[in-house]
Amino acid sequence: MSDRLVIDSLDFVRNAGSRHGKIPLVELVRLHDLLFDQEGELIYQISGQFDKNKRPGLYVEITGKIHLHCQRCLDKLVHHIDLQTFLILAKNETELNLADEDDTIDAILAVPDLDIFNLIEDEVILSLSIALCHADDECSMFKLKSNGNGSADKTQPAHPFAALAALKKTN
């Protein structure tokens, strides 16, 4: 298990801090339920900077490849992560609530012990769609059959209860 990185968020910005590294997926426990397996790692870079309005914030970049469950066939789905975001650091709850009212701003509460791994994990989880699926031509839910001239025709997906109906007929 690698060392977790904890920063004082406002101090990190004041000192124009910058960190980068890799996080093995096995360490992102809250993400595990969404994953097909825990293979791989995420690469991150985080830097403290002020925005054009002189507000402190964290610029976060995350890249990597994770394996999710296709919501149609439940097989492994390779999903590429490529995130860039700027998070305003709100100094108190009032500032955070004001930022939350503006849909163009992403904000978090400035804390003296911000766990970077948790921040990375939050951003990845928030970036995922509710129902990610393979492309139709890659999903095992769609069967391919030969049309006699060497090419394949795509058929409709099997009805979800077709297997149960077949079992009922054999009994």
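Trainee: Which residue in β5 does His 69 stand opposite?
Mentor: In this predicted model, the residue facing His 69 is Lys 76 in β5.

Trainee: How many bridges join β4 to β5, and do the two run parallel or antiparallel?
Mentor: There are 13 bridges between β4 and β5, and the two strands run antiparallel.

Trainee: What is the strand order in the sheet?
Mentor: The sheet is open and has 5 strands, in the order β2-β3-β4-β5-β6, with mixed pairing. At its edges are β2, residues 18–24, and β6, residues 106–109, each of which pairs on one side only. On average, neighbouring strands are turned by 30° against each other, with direction ignored.

Trainee: Where does helix α2 pack?
Mentor: Helix α2, covering residues 93–100, packs on the sheet and touches β5 and β6. The direction of α2 makes about 165° with that of β6.

Trainee: And which strands does α3 lie across?
Mentor: Helix α3 lies across β2, β3, β4, β5 and β6. Relative to β5, α3 runs at about 120°.

Trainee: Changing topic: how many residues are in the largest nonpolar core?
Mentor: That core has 34 residues, and Leu 42 and Leu 58 have the most contacts inside it. At least two core residues come from each of α1 (9–14), β3 (41–50), β4 (56–69), β5 (76–90) and α3 (116–127). A separate core of 6 residues includes Ile 88, Leu 96, Ala 99 and Ile 105. As a general point, nonpolar side chains in soluble globular proteins tend to be buried together.

Trainee: What is Leu 58 in contact with, leaving aside neighbours within four places in sequence?
Mentor: Among its contacts are Phe 12, Val 13, Ile 46, Phe 86, Leu 87, Leu 89, Ile 108, Leu 114 and Leu 119. Leu 58 also touches Ser 47, Gly 48 and Thr 85.

Trainee: On to the cysteines: how many disulfides does the count come to?
Mentor: The count comes to 0 disulfides.

Trainee: Is Cys 73 buried or exposed?
Mentor: Cys 73 is buried, because its relative accessible area is 15%, under the 20% limit.

Trainee: What is the relative accessible area of Cys 133?
Mentor: The value for Cys 133 is 33%, so this residue is partly exposed.

Terms used
Residues are numbered from 1 along each chain as its sequence is written. This is a predicted model: local features need pLDDT of at least 70, side-chain atom pairs count only at pLDDT 80 or more; totals for chains, interfaces and linings use all residues. Side-chain values use heavy atoms; hydrogens and water are left out. A nonpolar core is a set of buried Ala, Val, Leu, Ile, Met, Phe, Trp, Tyr and Cys residues joined through side-chain atoms within 4.5 Å. Buried means under 20% relative accessible area, exposed over 50%, partly exposed in between (1.4 Å probe, protein chains only). Helices (H or I, at least four residues) and strands (E, at least two) are DSSP runs, numbered from the N terminus. Contact means heavy atoms within 4.5 Å. Two strands pair if DSSP finds at least two bridges between them. Axes are lines fitted to C-alpha atoms, for helices over the stretch in contact, and angles run from 0 to 180 degrees between N-to-C directions. A disulfide is a pair of cysteine sulfur atoms within 2.5 Å.
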